[in-house]
4 protein chains.
Amino acid sequence: MIIVLKPNITQEQVEHIMDKMDKLGLKPWLSEGVERSIIGVIGEEDMLRALPLEGFPGVEQVLAILKPYKLASLEYKKKPSHIDMGGGVKIGGKHISIMAGPCAVENRDMIIDIAQIVKDAGAVCLRGGAFKPRTSPYSFQGLGEEGLKYMAEAREKTGLLVVTELMDIRNIAMFEKYVDVIQIGARNMSNFNLLKEVGKTTKPVLLKRGIANTLEEFLMSAEYVLAGGNPNVILCERGIRTFETFTRNTLDLNAVPALKSLSHLPVVVDPSHGTGRWGMVEAMSMAAIAAGCDGLMVEVHPNPEDAFSDGDQSLLPKKFEAMVTRCRKVAHAVGRDI
Amino acid sequence: MIIVLKPNITQEQVEHIMDKMDKLGLKPWLSEGVERSIIGVIGEEDMLRALPLEGFPGVEQVLAILKPYKLASLEYKKKPSHIDMGGGVKIGGKHISIMAGPCAVENRDMIIDIAQIVKDAGAVCLRGGAFKPRTSPYSFQGLGEEGLKYMAEAREKTGLLVVTELMDIRNIAMFEKYVDVIQIGARNMSNFNLLKEVGKTTKPVLLKRGIANTLEEFLMSAEYVLAGGNPNVILCERGIRTFETFTRNTLDLNAVPALKSLSHLPVVVDPSHGTGRWGMVEAMSMAAIAAGCDGLMVEVHPNPEDAFSDGDQSLLPKKFEAMVTRCRKVAHAVGRDI
Amino acid sequence: MIIVLKPNITQEQVEHIMDKMDKLGLKPWLSEGVERSIIGVIGEEDMLRALPLEGFPGVEQVLAILKPYKLASLEYKKKPSHIDMGGGVKIGGKHISIMAGPCAVENRDMIIDIAQIVKDAGAVCLRGGAFKPRTSPYSFQGLGEEGLKYMAEAREKTGLLVVTELMDIRNIAMFEKYVDVIQIGARNMSNFNLLKEVGKTTKPVLLKRGIANTLEEFLMSAEYVLAGGNPNVILCERGIRTFETFTRNTLDLNAVPALKSLSHLPVVVDPSHGTGRWGMVEAMSMAAIAAGCDGLMVEVHPNPEDAFSDGDQSLLPKKFEAMVTRCRKVAHAVGRDI
Amino acid sequence: MIIVLKPNITQEQVEHIMDKMDKLGLKPWLSEGVERSIIGVIGEEDMLRALPLEGFPGVEQVLAILKPYKLASLEYKKKPSHIDMGGGVKIGGKHISIMAGPCAVENRDMIIDIAQIVKDAGAVCLRGGAFKPRTSPYSFQGLGEEGLKYMAEAREKTGLLVVTELMDIRNIAMFEKYVDVIQIGARNMSNFNLLKEVGKTTKPVLLKRGIANTLEEFLMSAEYVLAGGNPNVILCERGIRTFETFTRNTLDLNAVPALKSLSHLPVVVDPSHGTGRWGMVEAMSMAAIAAGCDGLMVEVHPNPEDAFSDGDQSLLPKKFEAMVTRCRKVAHAVGRDI
């Protein structure tokens, strides 16, 4: 922690800050410069972070030096994590995992049909929402537990793993029963109580980045799960909110190499929510792979026109198959496979 | 709903869309123009909103006409709502309500002391967090139920109402016992399950705007509470996230006249979180009043240097008193009082 | 400048950095900590800023300590600047200056009529565009020099000062002939060549903040003009670009107290462009005054329905008069006058 | 253009709007709905755009239907433009063009050395700034005409084309003499007078997207050049400004497929400015190619530690060579070459 002092700070104010540090058992040092003086304190940054140092008289600004996350950092664990999503299907290595399926589980037959389709095209996980976070209280909110059952049935029939979104702490036991990978949606990335609870399970957690959250905040949310005792966190970039309105969100592919340079956790990209336009999903999927992602999460629907939600961004099965074929070529070009 | 068609749409595709509308019992009409044709459908927009019309072949874009919220709108209820926060203390009328207190309840004595201080200065509500949403799992997370008890005790002693943040669905009964106004924090503005639950209580709900949420989304979250049966929603602007880093957030005072033009719900402004700098709180409080807000939520701490959280943005009691005095003058200038 | 080193930096890399500093005649010091070491260099930050220190091997991040602007800072000039806009009409003191007029000068009669109207209502400056920056090459681009002549004529008749936007370096002599205050629009805030040229004139410069520029960048653009030798810079907040679409821009009133805490330059607020909605102009004008601004720039048009541009955000003369009356009350409440 | 009317609009107000349209020679039609009525006007949208329709009494909102740009649109020219950058070197076809070089031309020898290096690695254009837009008036501003001469000399020696930034209208003749492709920087994307002037030249224009400009605005700036008579516009995505601070900007690769779906103009990506971190340049370059770009603009410097500017984001020659090799593999995977 570096405390930059105002040019007109008094000797008394300087001593006040130094005393405060001493009382906390820290070892500050003062460096006097021509235009500004600074006080440096190295180590135990957590304790300092809690202090409102910028409110102290004579302080101009406070600069953090250490990263606030530990377990999620590449310094803590120097090799990429390979996470077993279930049945030995791992993410984080050479193989790029495709997660695909409809936005929402609409009925039993559709989810089983789609499961077979995406399985045949190369997916390893079936995605689909049983509980849907909808902006409007009047929109379809999902089939609930019934939807989870249908997904579990699709798993039986196809061997795909099941990933779906948990919105409510009270449903964790239900999810542990039916689901392989628990998804935490973008809207709940900072729902810390929910993060604490999934930190207590042993299920892998696919954590989506909030639409207005920095990469550091994203890793801090991962840290909540890791600190709870669950080491199986998969990060998912799904678009951030910017001024641009042509796309639903701005898929931030910079997050892929950036997260890889900061953390050992696998990174998945969701180009369907990230762009909101099915016509852009293939291009952005290929780009995500070239950027170094470990997996893709893609919306596929046999009949987008009749989808209960997000039909605008869903691929038809044939387009999805073609996309996987093209993505595989890019994967090979960067030394990966699908 | 206006469906703008691509210039090269085929007759067949047009008919396909018209048929779809007909089957849904809607009455579409086609207007053919020189450069573009459009299909208009008026009424029953909710049903249309669910349709992925932009995914239909030949469709260029779809423009919504109706606002997606109803109960929150000024059209639904043409006069401003006066909400009883408890004991006959109302918000939404001529009187501007001051809510003040520390970021977090740190111990019994401090919250009781501050309560008396802010009461004397003109506040009607005591704010203070017992459950704290913290970015880091390693930061102080609040005193929990103990904190609520201390706040309730402060109410007994001072007559102030108590407003504090609810983060966990499982704690609603506890909040109903101790609290007058339930606060939903910015991070939970889109935690729809939590909104549904507070929609079932009769307690007033102070709903904070998410840092990256539009005013329309903000009103949709209010709609969740209203649709649940609880008419007592108070909106709170507390800063949005932009590219600017000088302030912690960008307090969006435009939200005040904008929300007043769209909704009947009272609007509170939180300049402490909105700016993150105590030196800006007074100026932005006065500005908020001049812009037409119904209340202020301000952080006050007797000793910000020792605050457990957010000390940088807390006012000393004397500064708070002076601020209320200056705010009162602005209130009088715009025909209100404090 | 603080250079934070990676935990795994080698002794050789540390020495390489220390050597580099020495060669530049700087005096670095090394502080070794438990988790990170840092190198501090105080003074001569300009020289360091040019160095790509983050590209040096073993460097994790570089933190600037000093503000990059000097002449614009409150440290350089500790009292607020009172700037003479012409004829002894000063801005930056107790009196709040109203600048008003149409978006564009449309013809001689209209600008003279409006001038009298805004003068009678309390304005000291006439605003109006003769050269218009338009997003579309097919839109009305302004009357050019003819427009400037009409404004100068309006000045003769009313005694108002004239402020209008300069877009093209080649027109500076023309502006010096007709205009009192040269406006640099938001789109040209980072047109550094234009800033250098107006730095050579003696005319006051009203510099608008770019829609995506931080306050620091804004002050750096002011620094360009000041460094050129022209001390008469007036800052103007006119809305930034965020994700919100209800308003045309997000008028950032935080900029008012923030700029006042950083700089001695006067601050004007433009609520017409800032909101893009005439219905919000009065509320945001009053808020701007309560926040501490030194002036307002407001669009007024006798017949907004026929305006050549920006009619949506223009006030009718009667609304403008009423607004000034209400603003005056707020000004008195904060110890200012209009 | 669709004019959505307020529910409480009067018959008189409706007629007033219809009359206005009639007087302009337009043919409006009224559609009355249950909750809202609308007035539609198809064709001649340019004329309507100038009207402040949202300011008319009884109007709730106005929705544009047509795109405001024409010459830049894919509807106007249905096949991708192949632009000759000079000497028959075309961009916009199967071949991906690499433009590389230092941020700034620092001296004769360095630019000639780098030219040979990037040529050998596969580049077709030499980039380098002779006139530099710098945030600080105290930073190195470029060598000016001398820098252009050195670049021209490098062209003689290597056969590379020269692309460099024009900031000042007064320098156009100088650029026409020395330069192959005129670059308009992000800060000048909305400097419409500069766009008009380069619209009069015959040199290809590489137009960079402003950091806070939508794709529509970007294409409107291209339209300024095209409307001036110069059909040779190359679009360049170079990062937008968001809340994220880890990267200097947020490189928006969504722009690549989006622009390709809207326009016939070639699209180049600049990952150096887009990320501000040399460690991310390779990954984002490969991603840009996979997303479908037509060219890359990359900063290369033989000794980034001594670079006059932007050393943090410059690649060493060896890293650049390796990057081109890896990019070529991705290019082949998507049916392109380098």
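**Domains, chain pairs and helix packing**

Modeller: Chain A is divided into domain 1 (2–63) and domain 2 (83–333), with bounds from an automatic or database domain assignment. This is a predicted model, in which local features need pLDDT of at least 70, side-chain atom pairs count only at pLDDT 80 or more, and totals for chains, interfaces and linings use all residues. Residues are numbered from 1 along each chain as its sequence is written, while chains are lettered from A and ligands numbered from 1 in the order in which they are written.

Colleague: How far apart do the C-alpha centres of domain 1 and domain 2 of chain A lie?

Modeller: Take domain 1 as 2–63 and domain 2 as 83–333. Between their C-alpha centres in chain A the distance is 44 Å.

Colleague: What rotation superposes chain A on chain D?

Modeller: Copies are superposed by least squares on the C-alpha atoms of residues with pLDDT of at least 70 in both. For chain A on chain D the RMSD is 0.0 Å, the shift along the axis is 0.0 Å and the rotation is 180°. That is the relation of a two-fold axis.

Colleague: Which residue of chain A comes closest to the rotation axis?

Modeller: The distance is taken at the C-alpha, and it is 2.0 Å. The residue is A287(A).

Colleague: How many residues does the contact take from chain A and from chain D?

Modeller: Two residues are in contact if their C-beta atoms, placed from the backbone, lie within 7 Å. The same surface serves both copies, as 100% of the contact residues of chain A recur in chain D. The contact takes 35 residues from chain A and 35 residues from chain D.

Colleague: Which element gives the most to the side of chain A that touches chain D?

Modeller: Helices here are DSSP runs (H or I, at least four residues), numbered from the N terminus. Those giving two or more residues to this side of chain A are α8 (255–262), α10 (278–291) and α11 (317–333). With nine residues, the top contributor is α10(A).

Colleague: At what angle do α8(A) and α10 of chain D pack?

Modeller: Axes are lines fitted to C-alpha atoms, for helices over the stretch in contact, and angles run from 0 to 180 degrees between N-to-C directions. The contact joins V256(A), P257(A), A258(A) and S261(A) of α8(A) to G279(D), M280(D), A283(D) and M284(D) of α10(D). By class this gives six nonpolar, two polar and no charged residues. The axes are 9 Å apart, and the angle is about 135°.

Colleague: What is the orientation of α8(A) and α10(D) to each other?

Modeller: Angles under 35 degrees count as roughly parallel, over 145 as roughly antiparallel, 65 to 115 as roughly perpendicular and the rest as oblique. The angle here is about 135°. The two helices are therefore oblique.

Colleague: At what angle do the axes of α10(A) and α11(A) cross?

Modeller: V281(A), E282(A), S285(A), M286(A), I289(A) and A290(A) of α10(A) meet M323(A), R326(A), C327(A), V330(A) and A331(A) of α11(A). The contact holds eight nonpolar, one polar and two charged residues. α10(A) and α11(A) are roughly parallel. Their axes come within 9 Å and cross at roughly 25°.

Colleague: Which residues of α11(D) make the contact with α3(D)?

Modeller: The axes of α3 (108–121) and α11 (317–333) of chain D come within 9 Å and cross at roughly 20°. That makes α3(D) roughly parallel to α11(D). α3(D) brings I117(D), V118(D) and A121(D). From α11(D) come P317(D), F320(D), E321(D) and V324(D).

Notes. Ala, Val, Leu, Ile, Met, Phe, Trp, Tyr, Cys and Pro count as nonpolar, Asp, Glu, Lys and Arg as charged, and the others, Gly among them, as polar.
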